[in-house]
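The account begins with a term that the later paragraphs rely on.

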Amino acid sequence: SKATEAIGKTIDFMDDKGSRPVALVSELDAIAEKIRHGNETKRSDNEIMRDYLTRVQNELIEIIELSSSANNYGYMPVRYQQSQAGRWYGLGSPTLQNCTRLTRNAALHGFYSFDIESCHHAIVLQIAQNMGIPCENLEHYVSNKEQVRKELAKQISVPVSSVKASLIAMIYGAGLNPFGAISKELTPEKLGKALQIPVFAGLHRELDEIFAAMLKHSGGAESGQVINALGLSEPFSRRRDDQRRLAAHLLQGIESQALQAALSVHKSAIVPLHDGWVCTTPESHVEAEKAIKLATGFNLQVNPPEQLM
């Protein structure tokens, strides 16, 4: 309710109706910075910001209405469906998976957030090491991700959040075409600059090599099916874009297996978020790591409980 009030007052402030509220200032400043860096449209920064604020406001109002009904008072019911690769997706709107971060943090205020550190990158690094594939850029990124993101952001003049999203899209199999997931974060000019930076270009090159080795090892070419850690399959294909997608299928199977293991020991978990989750109590991240290692065979780091404010 406080977040809804603050967003409403911020919209009024943009319309010259009243003063700017003190709540959510840093969060909204971060969004405004991202818009300034990434706005390549004919629309003004203020128009884009207003659309964002309106979306947040509508999400907050929907969640309040859902959780305040006579049947659901204090709770927000969510139904999930498992994807072909094993991820669980919330159905309907709104869900706490596809809403804005601002809305999610307000809805889960006071609870505790966990996530697997650089989940896919860490998995791919260990796969590469087990296969004897050199990957110095990937190893450097996994060990220094915050530093690498900041340096890349400075070099190509974009927010750190755009660099983070681009590198996540890359590990999920996104190519460098002008219509893919990376293009939503980096303009063709920014992407061109990024590809001149050794660590960015090196990461893309290494991932392609590792993905190819993973698919060869999967036996999909012989069987016609690529089967991931959960036993879920996809038809094999030799097309370059499909190869990335199939590698992501393998990775998401391991990610989902890891999440299920963590949720099995974190009994107060209430919301799964792909490679993260939220608990009502500050459970042990070490116990989650042990469960993940036992279930998957991978050493994956889980962040200590972070209270959502």
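This is a predicted model: local features need pLDDT of at least 70, side-chain atom pairs count only at pLDDT 80 or more; totals for chains, interfaces and linings use all residues.

Contact here means heavy atoms within 4.5 Å. Confidence is lowest in helix H2, residues 25–38, where the mean is 87, and it is highest in helix H13, residues 285–296, where the value is 98.

Helix H8, spanning residues 160–171, packs against helix H10, spanning residues 198–218, at an angle of about 20°, and their axes lie 10 Å apart. Since angles under 35 degrees count as roughly parallel, H8 and H10 are therefore roughly parallel to each other, and their crossing is right-handed. On the H8 side the contact is made by Leu-167, Met-170 and Ile-171, which meet Phe-200, Leu-203, His-204, Leu-207 and Phe-211 of H10. Sorted by class, the residues in this contact are seven nonpolar and one polar, with no charged residue.

Helix H10 also holds Ala-201. Leaving aside residues up to four places away in sequence, Ala-201 touches Ala-194 and Leu-195, whereas the C-alpha atom of Leu-24, 177 residues away along the chain, is separated from that of Ala-201 by 36 Å.

Four of them form an open sheet in the order S6-S7-S3-S8, with antiparallel pairing. Strands S6 and S8, the latter comprising 306–307, stand at the edges with a single partner strand each, so one side of each is left without a neighbour in the sheet.

Within this sheet, strand S6 (residues 269–272) pairs with strand S7 (residues 276–279) in the antiparallel sense over three bridges, and Ala-269 stands opposite Cys-279 in S7. S6 and S7 form a hairpin with three residues between them, and in the turn His-274 has a positive phi of about 70°. Strand S7 is also joined by four bridges to strand S3, residues 112–115, the two running antiparallel, and here Asp-115 stands opposite Gly-276 in S7.

What lies across S6 and S7, and at what angle does it run to S7? Helix H12, made up of residues 240–265, lies across both strands and runs at about 15° to S7.

Technical notes:
Residues are numbered from 1 along each chain as its sequence is written. Side-chain values use heavy atoms; hydrogens and water are left out. Axes are lines fitted to C-alpha atoms, for helices over the stretch in contact, and angles run from 0 to 180 degrees between N-to-C directions. Angles under 35 degrees count as roughly parallel, over 145 as roughly antiparallel, 65 to 115 as roughly perpendicular and the rest as oblique. A crossing is left-handed if the near helix is turned anticlockwise from the far one by less than a right angle, and right-handed if clockwise. Ala, Val, Leu, Ile, Met, Phe, Trp, Tyr, Cys and Pro count as nonpolar, Asp, Glu, Lys and Arg as charged, and the others, Gly among them, as polar. pLDDT is the predictor's confidence in each residue, from 0 to 100. Two strands pair if DSSP finds at least two bridges between them.
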